[in-house]
Amino acid sequence: MALKIASRFRRLLQRPGSIDLGPYERLTQLVGEAEESVLSLTDEELTEAVAELRTTGGLHEDEQIEFLALARDAGNRAIGERAFDGQVVGALAMLQGRVVEMATGEGKTLAGAIAAAGYAVGGRKVHVLAVNDYLAKRDAEWMGPVYELLGVTVSHVGQASTPEERREAYQAEVCYVPVSEIGFDVLRDRLVTDVADRVTVEADVALVDEADSVLIDEARVPMVLAGATRNEALDDDVVQLVRTLRAGVDYEIDGDGRTVALTDRGTDKVEKALGERAAEEAAAEVGDAADGDAGDVGEVDSETGADDSVGTDSDATSDADADADDGAAAEPERPGFNLYDDENLDRLTQINVALHAEVLLRKDVDYLVRDGKVSLINNNRGRIAKLQRWPDGLQAAVEAKEAVPVSDSGEVLDSITVQALIKRYKSLCGMTGTAVVVGESLQEFYDVEVAVVPPNKPNVRKDDQDRLYLTVDQKNEALVKHIGEVHETGRPILIGTHSVEESEQLSDKLEAAEIEHVVLNAKNDAEEAAIIAEAGVPGTVTVSTQMAGRGTDIRLGGKDETHDKDKALELGGLYVVGTGLHASRRLDDQLRGRAGRQGDPGGSLFFASLADELVTRYSVSSGLRPHPDDTGRLTDRKSVGMLEHAQRVADGANAELHRTTWQYNRLTGQQRAILLETREKVLTEDLAADELAERAKERYDELVDEVGEDVVKAAARRIALRHLDRRWTDHLAYLADLREGIHLRSLAGGIVHMKPIDEFNKSAIASFDTLIEDAWKDTAETFTDAEITSEGLNEETSGIPRPTATWTYLVNDNPFGTEADRILGRLRNAIKPESSAESEEILPEEFDEDDLPEELRDADADDEDEADDGVEKKKD
């Protein structure tokens with residue numbers, strides 16, 4: 001009851017999940033008093049004093065006070081930074097398992113280092129989980145002298161680290177490591193066949209940097225370990241065929257731009273083309289009859305290829321004639337190719353992914369083509385996602401679209417989500433600049449609360465009201481004009497964009513307006529530290545994609561504060577301009593937070609339009625009657641309220657998608673734990689030998705006599721591990737296919753509604769029920785015929801070779817938007833703009849729908865048509 005009252009009170013304060021800092025502030029006062037006795041110590045005496053506090057049961061309150069006094073002085077001695085009271089409060093909160101919210105520039109890195117060292121002195125091993133290699137290495141080296149003075153060992157892991165370097169790094173008391181790297185190391189350790197090959201240690205304490213981004217935004221992104229099996233190269237005929245399909249005729253895109261589907265006409269067109277090609281291939285196999293048979297079903301022009309054959313009837317070639325034949329029965333000569341037959345499922349998949357890649361994935365927005373490779377762009381950070389790829393052949397489809405070499409592919413050996421990875425740790429804490437907004441989610445998914453630490457100096461940044469325009473062109477025109485006006489004063493400007501494409505388009509506009517500027521996006525992210533560090537110099541205009549997790553302070557006057565800092569202060573400090581609102585207001589706040597650090601002056605202003613993706617995707621146009629001024633700017637309450645409404649819907653959709661993803665992964669995680677328990681016994685004990693001594697006793701005894709018991713035990717272990725891993729790989733593949741189509745079962749439920757998650761769990765349980773027993777049967781069968789000599793097991797000749805290569809990557813979960821679209825549809829219907837109930841009476845002649853951006857016209861009518869036709873468009 002008390003918790004419910006506290007939660008409601010926090011909601012009233014609009015700080016859900018935040019806690020009272022009073023106890024921490026009182027302890028901080030005691031730390032300040034204890035610090036006086038520390039100042040007279042030599043460095044050696046300080047290190048010895050920390051050593052005397054070491055324990056294996058964690059630091060008690062009195063010990064924490066003494067340690068923090070020593071750590072505060074160590075920071076001052078080692079790197080010239082004495083922790084402010086706010087940093088001490090933050091360290092205390094993290095030592096008690098909280099996620100700390102501290103504004104940009106308030107010293108989270110030092111606070112996190114003090115907390116990590118505190119855990120280490122208390123006998124714990126700490127992983128400081130960073131968002132990328134650069135920050136992990138930078139922070140470990142930057143804070144290294146502090147750790148050394150405190151007598152705590154520190155290390156870091158990066159993508160280039162060798163297995164031996166990783167093994168050594170994880171032995172340190174504090175290890176800075178990107179969250180993806182520790183995830184991949186865990187996956188690799190799960191498949192070792194020798195305990196000595198492991199690199200990680202038992203998960204103990206996770207201290208998460210940029211906690212909201214890692215724990216919430218990336219929590220549903222699976223990390224994958226794959227093994228080489230096949231090449232996913234897409235048939236070039238399919239690529240060319242898809243390029244001939246026409247929007248609105250052969251395929252339709254949903255209102256949110258997330259999914260694309262063939263129409264009935266498009267399906268007929270594809271089936272006709274594929275049928276003709278199948279007939280030609282069949283005819284070619286029988287030799288002389290090839291030309292005649294191919295002629296019966298239509299010809300493919302040797303010069304134009306697919307374009308001439310697609311959509312061409314035997315009696316006519318024009319679209320008009322094709323339209324006239326839409327309802328007619330199939331000609332007797334036409335091949336009976338059904339795209340939805342079981343035997344053609346591979347073709348259907350290729351068509352779908354090729355269509356998705358061609359129509360929905362945009363170059364310089366969703367991906368870059370660089371050095372002959374397709375690289376995904378991390379939407380949360382505006383950087384190249386170096387290890388990320390799309391699943392289900394979509395990566396190969398995009399590579400075919402861009403005519404670049406197809407990258408290696410293979411089957412998923414194992415995977416883990418960030419949330420499942422974090423759940424392995426006994427203790428969790430973290431820090432970020434924006435945690436309150438996701439306070440409830442952090443409580444729901446991780447059972448941690450937020451501690452909001454006030455800034456060391458009051459925030460005097462001036463945040464202007466968002467400026468809303470009717471169209472994107474009007475917004476951009478006003479944006480460039482405003483930037484020019486501010487730039488003339490000499491005030492430093494930081495402009496935040498949403499994509500590489502947008503940053504380059506804005507760069508062209510600024511260049512045309514003769515405004516000098518620098519651009520930071522995924523194409524030059526290697527230069528990010530240098531570019532961002534100088535963004536506070538007067539006269540500088542910096543255009544950057546997503547600023548979250550950049551990890552570099554923007555100081556007025558530049559990195560060393562020597563380039564006209566006083567002038568920057570007089571001009572009002574750094575001025576942040578947003579080219580549009582993000583789907584989450586946390587990202588807006590992170591961009592704003594780049595200005596006004598440590599009590600400096602600063603300002604921010606965001607531009608938006610009713611045609612921005614945020615509005616067109618996450619809001620509704622019902623009842624909207626905008627009245628723009630001569631520049632296209634909108635100031636009426638209902639139009640402005642539409643932006644807030646769109647962000648609320650977007651936040652709700654993302655939270656629901658996170659929740660749904662976790663529901664689907666929870667059972668898989670439980671099954672994985674059961675399998676890993678058996679696998680651990682096989683790896684570290686003689687379970688495999690014991691099982692085979694019973695299941696294949698005659699063969700076991702024979703081999704023991706021939707090659708010795710130790711050799712047989714080792715062979716039994718490797719055979720059992722291989723079959724356990726093989727069965728788990730097949731199970732994961734089954735679950736992936738199951739999840740992709742499970743929502744269709746709810747349509748088959750009739751009067752009784754069948755929840756997809758319940759059906760998924762039911763099928764997943766049935767599939768896993770005999771998995772381990774089946775693996776033992778496979779093991780016994782292989783063991784009976786395996787080639788085992790005194791040299792050991794020959795895996796290749798015994799029919800159980802392991803993958804010739806493995807690699808790791810991150811994957812966009814549900815890139816086709818199946819679950820997200822359903823979630824979003826529910827939310828858009830459930831959450832209406834608050835002002836919609838109070839819309840004013842406007843006579844029809846006062847409003848012309850042509851005044852609306854094209855993206856918002858007839859949006860509701862389109863949605864209704866799609867809802868009515870959705871089931872009918874499915875192919876039987």
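Which helix supplies the largest share of the lining of the largest cavity? I looked this up in a predicted model. The answer is α26, with 4 residues.

**Entry 1: cavities**

I counted 5 cavities of 30 Å³ or more. I then took the largest cavity, which holds about 60 Å³ of space. Probing of this kind rests on a simple idea: rolling a probe the size of a water molecule over the atoms shows where empty space is left.

I listed the residues that line the largest cavity: Arg190, Leu191, Leu413, Asp414, Arg672, Leu675, Leu676, Arg679, Asp725 and Trp728. I sorted this lining by class and got 5 nonpolar residues, 5 charged residues and no polar ones. I also noted which elements give at least two residues each to the lining: strand β13 (410-417) and the helices α26 (637-684) and α29 (709-741).

**Entry 2: helix α16**

I checked the span of α16, which runs over residues 345-359 and has 15 residues. From the first C-alpha to the last, α16 reaches 21 Å, close to the 21 Å expected at 1.5 Å a residue. I then asked which residues of α16 are buried. They are Leu348, Ile351, Val353, Ala354, Leu355, His356 and Ala357.

**Entry 3: salt bridges**

How many salt bridges does the model have? I get 43 salt bridges. Side chains of opposite charge can pair when their charged atoms come close. I went through three of the pairs one by one.

An α-helix has 3.6 residues a turn, so residues three or four places apart point the same way. Lys137 is partly exposed at 41% relative accessible area, and Glu141 is partly exposed at 46%.

Next I took Lys269 and Asp250, whose closest N and O atoms are 3.2 Å apart in a salt bridge. This pair links distant parts of the chain, 19 residues apart: Lys269 belongs to helix α12 (residues 264-285), and Asp250 to the loop between α11 (236-243) and β7 (251-253). Are these two side chains' residues buried or exposed? Lys269 has a relative accessible area of 12% and counts as buried because that value is under 20%. Asp250 is buried too, at 0%.

The last pair I looked at was Asp730 with Arg726, a salt bridge with the closest N and O atoms 2.8 Å apart. Both lie in helix α29, 4 residues apart, about one turn of the helix. I noted Asp730 as partly exposed at 39%, and Arg726 as partly exposed at 24%. I also recorded a network in which salt bridges that share partners join Glu35, Arg72, Arg82 and Asp85.

**Entry 4: annotated positions**

I turned to the record. An unreviewed UniProt entry lists Gln87, Gly105, Glu106, Gly107, Lys108, Thr109 and Asp553 under "binding site". Where does Gly105 lie? I found Gly105 in the loop between β1 (99-101) and α6 (108-121). Gly105 has a relative accessible area of 13% and is buried.

Terms used: Residues numbered from 1 in each chain as written. Predicted model: local features only at pLDDT ≥ 70, side-chain atom pairs only at ≥ 80, totals over all residues. Heavy atoms only, no water. 1 Å grid on protein atoms, 1.4 Å probe; cavity = no way out; pocket = protein on both sides within 12 Å on 5 of 7 lines; lining within 4 Å. Points joined across faces, edges and corners; volume = space filled by probe spheres on them. Nonpolar A, V, L, I, M, F, W, Y, C, P; charged D, E, K, R; others polar. Expected span 1.5 Å × (residues − 1). Buried < 20%, exposed > 50% of the residue type's maximum accessible area, 1.4 Å probe, protein only. Salt bridge = Lys/Arg side-chain N within 4 Å of Asp/Glu carboxyl O. UniProt positions renumbered as here; feature names shortened; annotations may be inferred.
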